[in-house]
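Hi,

Here is the model I said I'd pass on.

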Amino acid sequence: MAWHGMARPGTLPTSPLQQPPRHVLPPSRAAPVLGGSRWRRVRAPSPPPQRFPPTLLPRPPGMWLLRLAGALALLGLVAGTDADPTATPPDADAAIFADLSAAELRAVRTFLMGRPELGLSPSRGGPLAKNTLFLVELLPPKKRQALRYLDQGGPRPRRQARAVVFFGAQAEPNVTEFAVGPLPRPSSYRPLRFKGGRAVPFSARPMTQLEYELLHHTVAAATEPLYRLLRDTTGFWFHNCSRRCLTFSDIAPRGLAPGERRTWLVLQRFVEGFFLHPVGLEMLVDHRDPDPRRWAVERLWYNGHYFSSPRELAERYERGTLAVVRLPEPPARQLFSSYEPRGRFSTGTPTEVHGAKVCEPQGRRYRLRGNRLEYGGWSLAFRLRSSAGLQLFDVRFNGERLAYEVSVQEAIAFYGGHTPAAMQTKYMDAGWGMGSVTYELARGIDCPETAAYVDAHHLYDADGPVRFRRAICVFELPTGVPLRRHFDSDFQGGFNFYAGLEGRALVLRTTSTVYNYDYIWDFLLYPNGVMEAKVHATGFIHATFYTPQGRRYGTRVHSHVLGNLHTHLVHYKVDLDVAGTGNSFETMDIRFENISNPWSPGARVVQPWLHREPRRSERQAAFPFGTPLPRYLLFYNPRRRNRWGHPRSYRIQHSSHAGRVLPRGWQEEKGVSWGRYHLAVTRHHENEPSSSSIYTQNDPWEPLVSFEGFLRDDETIEDQDLVAWVTVGFLHVPHAEDVPNTATPGNAVGFFLRPFNFFDEDPSVASRAPVIVRPLDPPAFSRVDIQRWTPASPGACIDPRPFAYNGTYRQE
């Protein structure tokens, strides 16, 4: 969650476990403050005229041709590293939601860099006080336009990009977002506005690689007087080091009020797993000024005590009045923070051989066409946003749309601690480019060997598209438990029949390595119309230097390491369209009644009954933490019923034990007001596309996106286009078993979308994978009839390819 700078001036860490800075700003030219709502149109060069033989004049393009053109644009968008040579062409409808291809990203950058009124400079090098292009990603079409195209044969929505520009080379710096289009040949741009029309403060911008490089130089200079202290107590140092270097992790938010940019840094030994190697020194750097020569170290904390300057701390050490902690020399091998095996299991069962594997004996049972994924009754489009991660669109079962959008919005982790860095740590990961740190998935570990892989391209704090190999994987997973089964006993030692359907799910997966933490993001599709959204948390804990006072805020996990308590919350957007866009919402739970027994006079019966409660407005459909959440959360179409007369419905079911991160309304809590609710239901509005933003991390006190504002007007939600906002999470009190890494078992949360009278029966009856066994000669049971619709034997299914891994992500 923080960047880490090596201590040698002018150099940056290259360890595979040390994530280099992702965000970079460029040389500068002054540019005017841009505003207004109209497009700025620029004449694009005309293509040379095409000549056709008289008999081959082109006909006016039909809708199919327009859709084909969009699909062809997608060909360069998600080219899988392990592409299936038999894969079908990209899907034209899904292409309107596809991420920008490398060519489109370059086209947007080239177009904007060529506009003299913007005065843009390259991201790498130069001063902070310049204008730079920070982020380019798809600007999804408006829902109304997309549905008109998908459902009514209307015009194809214009393909556009969202571009984020840092205007630092002017008297009043700001951040401006633009819509750029049409793609693939952009010729115009216009400013995008947040709800309420607020401008983006320059101090709220995410960090860039350039700012980290300058911060690194500031720390190197500031720690020069501390050379002897650091060398003597840690064996490592920051200033002018060669091999035994210190690094740092930075903390956010950066200050205590809007407009500040003051960051606490935790110094650590730069060894494998350096997150678990704090040295007891933390420093507060003010780096708000665009001129890094005016940056300053304001405070230091060492081993439980505060100091006003590095010089004061160094003088205390030289006088011998400083209470120091001398850290032991780290071993060359089997370091406690490494993955190297150590110790033995007591049973002696083998671990040096391969374990169970996933296989596809008759090939893949799903279809991947560009960004369109199909499996059984399921069909959906997907993309991987650089800003926030996986986003599903046009989610259908048997051709019928269930949801227009299901997407990750934000992930946060709020900490407590005794050190200043620990008590300040409130990470909001969209502000760290949560969707852009989607590094290569390892075949056979992160995903099964059989998985299909998809590359991603991000233009995030870079001077061109960066290709991330195998950023997404798709695979069919045996769940290890039947989807359904029954053994029908005759209660005399035999049976009438046995029937079962194997449990399978299709998994769409990516990861976000936000510095120390690794999030594994999954969407699972089950044959019975159930979708599951799930996130696993793993990676290194965020640790600080151990002091006795720190045990109030966590657990000692090594000699000088405290694992700090924290709460994880993850927010999802679920734009449900259950049998259409006109939906209503109700909750259902049980109550008990005490009634006369109708078949036994004088007796009483206590039994449950269903209590249904229509939720007619947004406030009625917001369920705060600390209050009971009804167990059935039902979204239904009031005008559509199944065969049995019930409203066709889908249900949200939480798998979570989330809680509040701060008291309501307290400072930084305003930036994560969505974290007040298990679930909130609002009307769909185009100006409420997301519950968070990339700017919340560095200005949570006056957030540009205030989720509470979505609920403030308390609109009616009966027979409307509804959006469910789902919060899941867990409290994590680190423990010794979190070393070297937090493990995934028990650290997964999410929710299910489950049909509730949407169908007339379980739709998985369409599967040809069940097995039915009936005895032919009861009561002897010597012969059985086995009825199945798949081959009797799956055959060999082990992939013979050896493990391989590339791990690079580079600008193309």
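Is Y227 exposed, partly exposed or buried? Y227 is partly exposed, because its relative accessible area is 30% (buried means under 20%, exposed over 50%, partly exposed in between, with a 1.4 Å probe and protein chains only).

Before going on, a word on the ground rules. This is a predicted model, so local features need pLDDT of at least 70 and side-chain atom pairs count only at pLDDT 80 or more, while totals for chains, interfaces and linings use all residues. Residues are numbered from 1 along each chain as its sequence is written, and side-chain values use heavy atoms, with hydrogens and water left out.

**Aromatics**

The count comes to 34 aromatic pairs (rings of Phe, Tyr and Trp, the last by its six-membered ring, pair if their centres lie within 6.5 Å; planes under 30 degrees apart are stacked, over 60 edge-to-face, the rest tilted). Y227 and W237 are edge-to-face, because their planes stand at 80 degrees, with ring centres 5.5 Å apart. Y227 belongs to helix 5 (residues 227–234), and W237, 10 residues away, is in the loop between helix 5 and strand 8 (246–250) (helices are DSSP runs of H or I with at least four residues, strands are runs of E with at least two, both numbered from the N terminus). W237 is buried, at a relative accessible area of 16%.

Y427 and W432 also make an edge-to-face pair, with centres 5.6 Å apart and planes at 85 degrees. Both Y427 and W432 are buried. Elsewhere, W378, F397, Y650, F758 and F759 form one aromatic cluster.

**Charges over rings**

The charged end of R651 sits over the ring of Y632, 3.6 Å from its centre (the rule: NZ of Lys or CZ of Arg within 6 Å of the ring centre and within 35 degrees of the ring normal). R470 lies over the face of Y453, 5.0 Å from the ring centre.

**Strands**

Strand 19 (residues 452–460) and strand 20 (residues 466–478) run antiparallel and are joined by six bridges (strands pair if DSSP finds at least two bridges between them). Opposite H457 stands R467 in strand 20. The hairpin of strand 19 and strand 20 has five residues between the strands, and D461 there takes a positive phi near 55 degrees. Strand 20 also pairs with strand 23 (residues 504–514), in the antiparallel sense, over seven bridges. L477 has A505 in strand 23 as its bridge partner.

Cheers
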